[in-house]
Amino acid sequence: GDLIYPIGPRCPDGTLHRDAKRLLDERTGGLLRGLGAPVLLVLGNHDVGGFGRSPEREACLLTYAAGEPDLILPSLSYEVDFGVLKLNILNTNSLDVMQGRDVHTSWRDYKGWRVLAGHHVYRTYHDKPHENIVAPWLKLNSIKPDIYMNGHAHILQFGVYDGIPAITSGATAKTRDRPVCPPDCGSGQRFGVSEPGYALVHFDRKSVRVVFKDVNRKELFQWSKQRKKSAKR
């Protein structure tokens, strides 16, 4: 998310006009195309100019991604089945009942890992403390993913909150100076640093492994979990 900063362009009639394409080429396509793998996109708050819906700005990114083979954004929320896991992308700018129904339908009778990704945080410490958007929506819709992944907070952080492992990997650009965990950890928090980096998440049928690295590929933190054999789905 936040593919455009500080604010996404408008495409009122759904047509990608010249200025919008130039901006998206510069700040999105030029950075993400040609990586050798599909890039799954999710919209952030800057892409739509704040919290909520902005159809004119959403249209620009949807139209642009449709013309880029490497960029995947078929709709504001969507699912991708990787075999061992099913990933559901949420539009956390405007969470609603329909997205909850779509997740339940997607996960019905599914035996693999169930993973959610969205722009806004499930929980972070020392950043975005007043944006409790995702956790209440999950509880209201009785959704409990095996892992939740997000950006938004300009830090690297990992924790297990309400039984949900949550990955914040929002430090690829502008970072924010926040306390390091450990030692300064909140309840459920396992790791947190304020430096550029990224998270890798590896799934197989029996386990999941999360590794955080800095821009020089130095490992900063690792966490893993075995799949419960007796887990009811």
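Is C60 buried or exposed? C60 is buried, with a relative accessible area of 0%. Buried means under 20% relative accessible area, exposed over 50%, and partly exposed in between, using a 1.4 Å probe and protein chains only.

## Basis of the model

This is a predicted model: local features need pLDDT of at least 70, side-chain atom pairs count only at pLDDT 80 or more, and totals for chains, interfaces and linings use all residues. Residues are numbered from 1 along each chain as its sequence is written, and side-chain values use heavy atoms, without hydrogens or water.

## Disulfides

The structure holds 2 disulfides. The cut-off is a pair of cysteine sulfur atoms within 2.5 Å. Counting bonded cysteines along the chain, the pattern is 1-2, 3-4.

C11 and C60 form one of these links, with sulfur atoms 1.9 Å apart. The link joins distant parts of the chain: C11 sits in the segment before α1 (18-32), C60 in helix α3 (residues 55-66), and 49 residues separate them. Helices here are DSSP runs of H or I with at least four residues, strands are runs of E with at least two, and numbering starts at the N terminus. The C11 and C60 link is right-handed, with 95° about the S-S bond. C11 also counts as buried, at 1% relative accessibility.

C181 and C185 form a disulfide too, with sulfur atoms 2.0 Å apart. This link is right-handed, with 100° about the S-S bond. C181 is buried at a relative accessible area of 1%, whereas C185 is partly exposed at 32%.

## The sheet

An open sheet of 7 strands runs in the order β3-β4-β5-β6-β8-β7-β9, with mixed pairing. Two strands pair if DSSP finds at least two bridges between them. Neighbouring strands are turned by 15° against each other on average, direction ignored. Axes are lines fitted to C-alpha atoms, for helices over the stretch in contact, and angles run from 0 to 180 degrees between N-to-C directions.

Helix α4 (residues 97-107) packs on the sheet and touches β3, β4 (85-89) and β5 (113-118). Contact means heavy atoms within 4.5 Å. The direction of α4 makes about 170° with that of β4.

## Around β8

Strands β7 (residues 156-161) and β8 (residues 164-169) run antiparallel, joined by 6 bridges. Y161 has I164 as its bridge partner in β8, and G159 stands opposite A166. The hairpin of β7 and β8 has 2 residues between the strands, and D162 takes a positive phi near 55° there.

Strand β6 (residues 147-150) pairs with β8 in the parallel sense over 3 bridges. M149 stands opposite I167. Of the 6 residues of β8, 5 are buried, so the strand is largely enclosed by the rest of the structure.

## Aromatic rings

The count is 8 aromatic pairs. Rings of Phe, Tyr and Trp (its six-membered ring) pair if their centres lie within 6.5 Å; planes under 30 degrees apart are stacked, over 60 edge-to-face, and the rest tilted. F191 and F221 are stacked, because their centres lie 4.9 Å apart and their planes stand at 10°. F191 lies in β9 and F221 in β12 (residues 219-226), so the pair ties together parts 30 residues apart in sequence. F212 and F221 have centres 6.3 Å apart and planes at 55°, so this pair is tilted. Both F212 and F221 are buried. One aromatic cluster consists of F158, F191, F212, F221 and W223.
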